[in-house]
Amino acid sequence: MNQSSKHVSSEGETPQSVDRSLLEFLKPKSEERYSKLEAYCDLLSRASAGAYATPEAEGALQLLPGQFVATISELSRQWKWQRATVRQFIAGLANLGHISGHQ
């Protein structure tokens, strides 16, 4: 996707470049719930952030690429969904074979 768009006025003036980051900055913050697509994209973004290890402690988790730690409550707050809805969404993705989770 192109980072900038061209704008031509109705009077036929020369095109002006509009930076996409400026448009994203100016866009009002949505207080609405995430769509299923947005929630799935959020999961993909978290998974692609890279592997890391939890702080060194007894029984600390070693995470591999594509793995991340998130709670139902955390996802619920982020997506502005009920926890039961998050659980159903995660279960649905797991049933389709797109994700796996552990409690």
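User: In this model, is Phe 89 buried or exposed?
Analyst: The model is a predicted one. Phe 89 has a relative accessibility of 11%. Buried means under 20% relative accessible area, so Phe 89 counts as buried.

User: What secondary structure does the protein chain contain, and what pattern does it follow along the sequence?
Analyst: The protein chain has four helices and two strands. Read along the sequence, the order of these elements gives the pattern β-β-α-α-α-α.

User: What share of the residues in the protein chain is buried?
Analyst: The protein chain has 103 residues. Residues under 20% relative accessible area count as buried. Buried residues make up a share of 15%.

User: Which residues does Phe 89 touch, not counting residues up to four places away in sequence?
Analyst: Phe 89 lies in helix H4. Leaving out residues up to four places away in sequence, the residues that Phe 89 touches are Lys 36, Ala 39, Tyr 40, Leu 43, Trp 79 and Trp 81.

User: How is the aromatic pair of Trp 79 and Phe 89 arranged?
Analyst: The count of aromatic pairs comes to three. In the pair of Trp 79 and Phe 89, the distance is 5.7 Å centre to centre, with 90° between the planes. Planes over 60 degrees apart count as edge-to-face, so the arrangement of Trp 79 and Phe 89 is edge-to-face.

User: How many residues apart in sequence are the parts that the pair of Trp 79 and Phe 89 ties together?
Analyst: Trp 79 belongs to helix H3, while Phe 89 belongs to helix H4. The pair therefore ties together parts whose separation in sequence is ten residues.

User: Which residues do ring pairs link into a cluster?
Analyst: Trp 81 and Phe 89 also form an edge-to-face pair, at 5.2 Å centre to centre and 85° between the planes. Both Trp 81 and Phe 89 are buried, and Trp 79 is buried with a relative accessible area of 0%. The cluster linked by ring pairs is made of Trp 79, Trp 81 and Phe 89.

User: How far apart in space are Ala 39 and Trp 79, C-alpha to C-alpha?
Analyst: Ala 39 lies in helix H2 and is buried, with a relative accessible area of 0%. Not counting residues up to four places away in sequence, Ala 39 touches Tyr 34, Trp 79, Trp 81 and Phe 89. Ala 39 and Trp 79 are 40 residues apart in sequence, and their C-alpha to C-alpha distance is 6.6 Å.

User: Is Asp 42 buried or exposed?
Analyst: Asp 42 is placed in helix H2. Its contacts, not counting residues up to four places away in sequence, are Tyr 34, Leu 75, Gln 78 and Trp 79. Because its relative accessibility is 15%, Asp 42 counts as buried.

User: Which residues does Arg 46 touch, not counting residues up to four places away in sequence?
Analyst: Arg 46 lies in helix H2. At 19% relative accessibility, Arg 46 counts as buried. Apart from residues up to four places away in sequence, Arg 46 touches Phe 68, Ala 70, Glu 74, Leu 75 and Gln 78.

User: What is the phi of Lys 80?
Analyst: Lys 80 sits in the loop between H3 and H4. Lys 80 is partly exposed, with a relative accessible area of 35%. Although Lys 80 is not a glycine, its phi is positive, at about 60°.

User: How much space lies in the largest pocket?
Analyst: Rolling a probe the size of a water molecule over the atoms shows where empty space is left. In this structure, the space in the largest pocket is about 880 Å³.

User: Which residues lining the largest pocket are the closest to its centre?
Analyst: The elements that give two or more residues to the lining of the largest pocket are helix H2 (36-47), helix H3 (72-79) and helix H4 (83-95). The lining residues divide into 15 nonpolar, nine polar and one charged. Of the 25 residues in the lining, the closest to the centre are Phe 68, Ala 70, Ser 100, Gly 101 and His 102.

Terms used: Residues numbered from 1 in each chain as written. Predicted model: local features only at pLDDT ≥ 70, side-chain atom pairs only at ≥ 80, totals over all residues. Heavy atoms only, no water. 1 Å grid on protein atoms, 1.4 Å probe; cavity = no way out; pocket = protein on both sides within 12 Å on 5 of 7 lines; lining within 4 Å. Points joined across faces, edges and corners; volume = space filled by probe spheres on them. Nonpolar A, V, L, I, M, F, W, Y, C, P; charged D, E, K, R; others polar. Buried < 20%, exposed > 50% of the residue type's maximum accessible area, 1.4 Å probe, protein only. Contact = heavy atoms within 4.5 Å. Phe/Tyr/Trp six-rings, centres within 6.5 Å; stacked < 30°, edge-to-face > 60°.
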